[in-house]
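Hi,

Here is the structure I promised to pass on.

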Amino acid sequence: SSGINAEYGGNVLLHEMQIQHPTASLIARVATAQDDITGDGTTSNVLIIGELLKQAKVYISDGLHPRVAAEGFDLAKKKALQVLEEMSVKKCSRDDLINVARTSLRTKVKNQVADLLTEIIVDAVLAIKKEGEPLDLHMVEIMTMEHKTEMDTKLVKGLVMDHGARHPDMPKKVTDAFILTCNVSLEYEKSEVNSGFFYKSAEEREKLVKAERAFCDDKVQQVIDLKRAVCGNTDKGFVVVNQKGVDPNSLDALAREGIVALRRAKRRNMARIVLACGGAAVNSFADMK
């Protein structure tokens, strides 16, 4: 390439190189497979393959048949797997995981950053680990914040949503709250087909506007009634997380009741809230009981 790239990862370097030799190309594929499966060890893998081929070349130069060398590699592989199985640790402590993560990260980033990220990464994985189930790493999200550096990285054991309340009178902080996750429009929506409304007088127009407003207000009132039913006279909060929009009038009504409303939430966040807190998202307020 025309520029200068400074990289730690062997996999990245091999991708940047223009490899023409067929055997070398196969070695690069091995590095890619290693990176996809474990995320580390690509450079070591390439070095080991290179050394094995170097030793094999010495024996083949002395007249050894390549088939015999290949059978020797196969026997060595079986023995190596046996030794690794005997050396493997069946159950790792948190300290063991931290040491493994630190060893891997220090080959990718600066030592100061690696030491900071090590405990964050281990704690993040342990937070989503469930006994007897495979890890779902999609439950760990990396969010980039502007005007911050890598040394400001922190772990939040919860769900961070990159959108907040859209009304100045809504509470900025809510604790011990009920959460309503829904996919219901609380604003005017255009019809899916071309349609028009015709009126003869200003009174008919006002009647039409009130009917449209009442359609949204009824749904908002259902949310308010639910909040009053579950919260009662307690100090518990109530949060509405909606995948669709909420218009200003609806926000005003919800704010007067002390309800925090988040609109246009991402679909993945809706699913994560349900996983973290239980319950189910509703697509219609008729489903609320």
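In which loop does R264 lie? R264 sits in the loop between strand 3 (260–262) and helix 9 (267–277); helices (H or I, at least four residues) and strands (E, at least two) are DSSP runs, numbered from the N terminus.

Before going on: this is a predicted model, where local features need pLDDT of at least 70, side-chain atom pairs count only at pLDDT 80 or more, and totals for chains, interfaces and linings use all residues. Residues are numbered from 1 along each chain as its sequence is written, and side-chain values use heavy atoms, with hydrogens and water left out.

Most residues other than glycine have a negative phi. R264 is not a glycine, yet its phi is positive, about 55°. D176 is not a glycine either and has a positive phi of about 50°. You'll find D176 in the loop between helix 6 (111–128) and strand 1 (177–182). D176 counts as exposed because its relative accessibility is 55% (exposed is over 50%, buried under 20%, partly exposed in between, with a 1.4 Å probe and protein chains only).

V68 is partly exposed, at 36% relative accessible area, whereas A69 is buried, at 13%. The C-alpha atom of A69 is 9.9 Å from that of L53, 16 residues away along the chain.

Cheers
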